[in-house]
Every structure is written in C-alpha cells, then in structure tokens.
Amino acid sequence: MTADFRAGHLRAAEFQQRFMPQLAHHLQHLDGHHRIEDDHYFPLFRRLDRRFERGFDLLENDHDVIHDDLRRVAASGRALMQELARGADAGQRAADRYADDAERLLHVLDRHLIDEEDLVIPAMLEHGERPLTR
C-alpha cells in the first residue's frame, strides 16, 4: 500500500483511510505472536532440551530488537498521517521515512524467521511429536 501511495497509484485520502488500521493490525498481531513464543513456546523448548537454551535466548533477544523496530514503525506511521494532513509534499517525505523504517523491520523479521526455523525445526526433528507440556 505504501509503495502504491509513493508511486502515485493510491490517492492520499484512500491511503489515510486504510493505512493506520492495517498497520495497527499487523503490529499488534506480531507483538502478540512474540509474546506467546516468549511466554509459552520458548520456555517449553528450553525445558525439552537444554542444548537449545542459548538459541532460544537469542531469539528472545531478537524479539526485544523487533519490538523497538515495531515502535519505530508505529511512530513513523503516525508521523506520516500527520504530515499527510499538511500536504502532499510533506506526506511524500514522511512516506519515504516510514518506508525506510518498515524495510528495516522486514529485514530484521526475515532474518529472525530464518533463525527460528534453523532452531525450531531441528528441535522438532530431534524430539519428534512429544508433547511440549513438560
């Protein structure tokens, strides 16, 4: 949506109407997902096999970094909405800043997902379908 707006394929009014609700939905979902992992799944995996503790500690630390990036993206999204109210030129500059922040977040998320798969998949293969409820 941001790329379409920046390229002039989406009117500012339509962008303003759709952007914040969708951004809030995605950021809240991601934050909730990480809370479930940190509070439930990662501790279970740690107890299942102590060899994986350091890896899950690193993934939890990633969540802290990602949370900071989530706040940055939310702040630049709000700033974008404020600037759009001032005019198209200010809105385009703010859209560029938001796009940079969102790109950073996506890069960190991509790396984090790869790291998660590198740890979770081997843990599951090692331990099969044993319940994670110990």
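Mentor: The helix α2 gives the most to the lining of the second largest pocket, with six residues. A pocket here is an open set of points, on a 1 Å grid over the protein atoms alone, with protein on both sides within 12 Å along at least five of seven lines; a 1.4 Å probe fits at the points, and lining residues have an atom within 4 Å of a point. Helices are DSSP runs of H or I with at least four residues, numbered from the N terminus.

The model is a predicted one, in which local features need pLDDT of at least 70 and side-chain atom pairs count only at pLDDT 80 or more, while totals for chains, interfaces and linings use all residues. Residues are numbered from 1 along each chain as its sequence is written, and side-chain values use heavy atoms, with hydrogens and water left out.

The volume of the second largest pocket is about 160 Å³, a volume being the space filled by probe spheres set on the grid points, which are joined across faces, edges and corners. Its lining consists of M20, L23, A24, L27, Q28, D31, H67, L70, R71 and A74. By class, the lining has six nonpolar, two polar and two charged residues; Ala, Val, Leu, Ile, Met, Phe, Trp, Tyr, Cys and Pro count as nonpolar, Asp, Glu, Lys and Arg as charged, and the others, Gly among them, as polar.

The two helices also pack against each other. The angle between α2 and α3 is about 165 degrees, and their axes lie 10 Å apart; axes are lines fitted to C-alpha atoms over the stretch in contact, and angles run from 0 to 180 degrees between N-to-C directions. The pair is therefore roughly antiparallel, the word used for angles over 145 degrees. The contact of α2 with α3 comprises 19 nonpolar, five polar and eight charged residues.

As for α3 itself, its 34 residues reach 50 Å from the first C-alpha to the last, close to the expected 50 Å at 1.5 Å a residue; the expected span is 1.5 Å times one less than the number of residues. Just after α3, G87 takes a positive phi of about 150 degrees.

The largest pocket, with a volume of about 400 Å³, also involves α2, which is one of the elements giving two or more residues to its lining. There, however, α4 gives the most, with seven residues.

Notes:
Parallel < 35°, antiparallel > 145°, perpendicular 65-115°, else oblique.
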